[in-house]
Amino acid sequence: MKMMSGAAMVVEALKDVGVTHVFGYPGGAVLDIYDALFAQDSVKHVLVRHEQAAAHMADGYARSTGKTGTVLVTSGPGATNTITGIATAYMDSIPMVVLSGQVPSSLIGEDAFQETDMVGCSRPIVKHSFLVKRAVDIPEAIAKAYYIANSGRPGPVVVDLPKDIVNVQESHPYVFPESVAMRSYNPTEKGHMKQIKKAVASMLKAERPVMYVGGGAVACDASGKVIELAEKLNAPVTCTLMGLGAMPGTHEQFVGMLGMHGTLEANKTMHNSDCIIALGARFDDRVTNNVSKFCPHAEIIHVDIDPASISKTVNAHIPVVGSVDKVLDQILEQLAEKDFSGQKEKLSDWWQQITQWRKRECLKFEQGDTVIKPQKVIEALYKHTNGDAYVSSDVGQHQMFAALYYPYKKPRQWINSGGLGTMGFGLPAAMGVQFAHPDAVSVCVTGDGSIQMNIQELATCLQYNLPVKIISLNNRALGMVRQWQDMIYKGRHSHSYMDSMPDFVKLAEAYGHVGIKVDRLDELDAAMEKCFSYTDRLVFMDIAVDQNEHVYPMQVKFGAMDDMRLSKTERT
Amino acid sequence: MKRIISVLMENAPGALSRIVGVFSQRGYNVDSLCVAPTDDPSLSRLTIMTHGDDKVIEQITKQVNKLIDVLKVVDLTDGAHVERELMLIKVATRTDAIRAEVKRTSDIFRGSIIDVNGSNYTIELTGTSDKLDAFASTMAECAEIIESSRTGVCGLARGERALRP
């Protein structure tokens, strides 16, 4: 039996669960753990500049790989700085473990220096948390944390480690548990056969089916089976903001993203469908619009690993609890002997209708001669990356443009804060992606507002030579806020403009990177080409775009799904 | 509608706060709450009295069930069940007449007087919440209530059904 200190146990347990990267920042309560990290090199530590960014990096790492991201921070402010990052991961069901230092056990509750009740602070935004009280319990707590974070519906887990139990002066026996079976936690993976049969009967009977695919399909890597089912049924497929890539954006059966800024054809298809096959999606308010007007003709099949997501906002007629991956296995098995020769014929009217909706070309925009439209930048980005880049986005108009104008070919290629909508997410997430995929092209699509929320990480990028490409759509304003003020507040732009913008090119250069400024349409292509020719440097592209552009289509508030504005003047 | 939800959970630090947290985070009501370890000391059983429509109650049971520490959740009001609550109530007994009336009322409700003092009696009463309400209001008519404390409802399903791991 190995004897070691609590701090060494933390590092040893991380190795035993297969952690490759830890994103963190040292401080008093975790100095012992940092000392143990210093003594080895199998777990790589990444020193960030702000703990919030550490959580987003771990998040980007997790979203792009499916593996659990790891964060290590000190007690008090170190821990509380991760809160936004934890909440972001929680809302999007991302596997993450946050190891936070804590003041010594004897001081807990005494308002000691850098003490906060981290387990309490994080309670509403974690899947689970542990306050470890004895050094010998460290391996089991860490093993359980990783198991819980990345099983069932994934989510963040906090492990709070008081300083006295990780003390390097004392040795304890280290035993890593072989299994972590828990009597109170057994997520249901396979669907109930009776429900599967009902679902299959419903989708075979349907004349106007649609598959509505969410982040759950990405989380369990079910993309291949989503495509297989879609092709078998000849059904149109729409993805949520979190599900983009689960069905290739280039597939002819893909009708685009749905919801508030979804395509007209996606929302029309949903609204007129007689059978909605929801796979790992949660009928979020940004999808449904007015729930009482939601898809009146559809029988709803809802597959989700979290029973609490089923019938939460919209009643499901055929609930199926299980992972999208396992349930699709079961469904495809049921469909194996069925004859689909008549399916094309049966759905021809439906497809004809969808073709009509597509003809409205809801994503078209008018690009003038000089001022660059933000949509045009995303199209250029797609062209210059062959559609193969990992795209991490911040939050705002640019996020919607990046979701709508870059057809993602694969799941995990599109990384964004969908549920919480966290500005400042994009850059650190793109860095986490780059750590996980050193040879891939990792792009951060951002805006002049969002990028300034975690700009300090440009220093981290230099320290670790991360060749992230920052595509900043600079409209000198908080575009999405401004859009709502234009639409709802009669154009009163209350605090949605930025009056003293830094020179982003100089800023990038000050941090040791390459900066490129683009003002005119005729410079865009050459600048993009130059940007991606720097394979080993971070490039910050500061692209001036039209300040008055709005994101369309956009659902009309309190309307049905397909009640939309298509431009400043057109309505459905 | 009034519902009694029984939860079997790990007797672990933080488990209770997570359950209570679900109620406050999601805006559910807690009318009463009663919790203690079971015959198996590694488990705790918690009983929450709440109210809401079917959709809310379904969400409450699902959200509570989702917590890692929770083994099982059952809505006792779904079927036949027994429920009890305990109340201790201290009333002022300044005159012989009041003392006699308090004793009589307490006997009628099958309460027992567990503490006697020169100026007050403390009565223990067990029953359904309705019975305790009725007792308290009857008592208020004949004597001044100094203070009272109630445990909240606990309950079990009738017959074979049981909440076991």
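Predicted model: local features only at pLDDT ≥ 70, side-chain atom pairs only at ≥ 80, totals over all residues.
## Chain B

Chain B contains 4 helices and 9 strands. Along the sequence these elements follow the pattern β-α-β-β-α-β-β-α-β-β-α-β-β. Taken along the principal axes, the C-alpha atoms of chain B fill a box of roughly 55 × 35 × 35 Å.

The chain has 165 residues, and 30% of them count as buried. Among the contacts in chain B with a separation of 6 or more, 74% are between residues 24 or more positions apart.

## Where the chains meet

## Nonpolar cores

In soluble globular proteins, nonpolar side chains tend to be buried together. The largest nonpolar core in this model has 197 residues. Those with the most contacts inside this core are A:Val10, A:Val159, A:Val213 and A:Ile276.

Leaving aside neighbours within four places in sequence, A:Val10 is in contact with A:Ile33, A:Ala36, A:Leu99, A:Ile138, A:Ile142, A:Leu161 and A:Val166. A second, separate core has 11 residues, including B:Tyr121, B:Leu132, B:Phe135 and B:Ala143.

## Helices H3 and H18 of chain A

Helix H3 (residues 51-65) of chain A packs against helix H18 (residues 426-436) of chain A, with the axes 7 Å apart and at an angle of about 50 degrees. The two helices are therefore oblique to each other. The crossing of H3(A) and H18(A) is right-handed.

From H3(A), the contact uses A:Ala53, A:His56, A:Met57, A:Ala58, A:Asp59, A:Gly60, A:Tyr61, A:Ser64 and A:Thr65. From H18(A) come A:Pro428, A:Ala429, A:Ala430, A:Met431, A:Gly432, A:Val433, A:Phe435 and A:Ala436. The residues of this contact divide into 11 nonpolar, 5 polar and 1 charged.

## Helices H8 and H13 of chain A

The axes of helix H8 (residues 193-205) of chain A and helix H13 (residues 324-335) of chain A lie 10 Å apart, and the helices pack at an angle of about 60 degrees. H8(A) and H13(A) are therefore oblique, and their crossing is right-handed.

In this pair, A:Ile196, A:Lys197, A:Ala199 and A:Val200 of H8(A) meet A:Val327, A:Gln330, A:Ile331, A:Gln334 and A:Leu335 of H13(A). The contact has 6 nonpolar, 2 polar and 1 charged residues.

## Helices H16 and H22 of chain A

Helix H16 (residues 374-384) of chain A and helix H22 (residues 521-533) of chain A have axes that come within 10 Å and cross at roughly 45 degrees. This pair is therefore oblique. H16(A) passes H22(A) in a right-handed crossing.

H16(A) contributes A:Val377, A:Ala380, A:Leu381 and A:His384 to the contact, and H22(A) contributes A:Leu524, A:Asp525, A:Met528, A:Glu529 and A:Phe532. Of these residues, 6 are nonpolar, 1 is polar and 2 are charged.

## Backbone details in loops of chain A

Most residues other than glycine have a negative phi, and most peptide bonds are trans. In the loop between strand S5 (96-102) and helix H6 (118-122) of chain A lies A:Asp111, whose phi is positive, near 55 degrees. A:Asp111 is exposed, because 9 other C-beta atoms lie within 10 Å and a residue with 12 or fewer counts as exposed. A:Gln114 is also found in the loop between S5 and H6 of chain A. A:Gln114 is not a glycine either, and has a positive phi of about 55 degrees. With 16 other C-beta atoms within 10 Å, A:Gln114 is partly exposed.

A cis peptide bond joins A:Tyr552 and A:Pro553, with omega at about 0 degrees. A:Pro553 is in the loop between strand S20 (539-544) and strand S21 (554-555) of chain A.

Methods:
Residues numbered from 1 in each chain as written. Chains lettered and ligands numbered in written order. Axes fitted to C-alpha atoms, helices over the stretch in contact; angles between N-to-C directions. Parallel < 35°, antiparallel > 145°, perpendicular 65-115°, else oblique. Left-handed = near helix turned anticlockwise from the far one by under 90°. Contact = placed C-beta atoms within 7 Å. Nonpolar A, V, L, I, M, F, W, Y, C, P; charged D, E, K, R; others polar. Buried ≥ 20, exposed ≤ 12 C-beta atoms within 10 Å, placed from the backbone. Core = buried A, V, L, I, M, F, W, Y, C linked by C-beta atoms within 7 Å.
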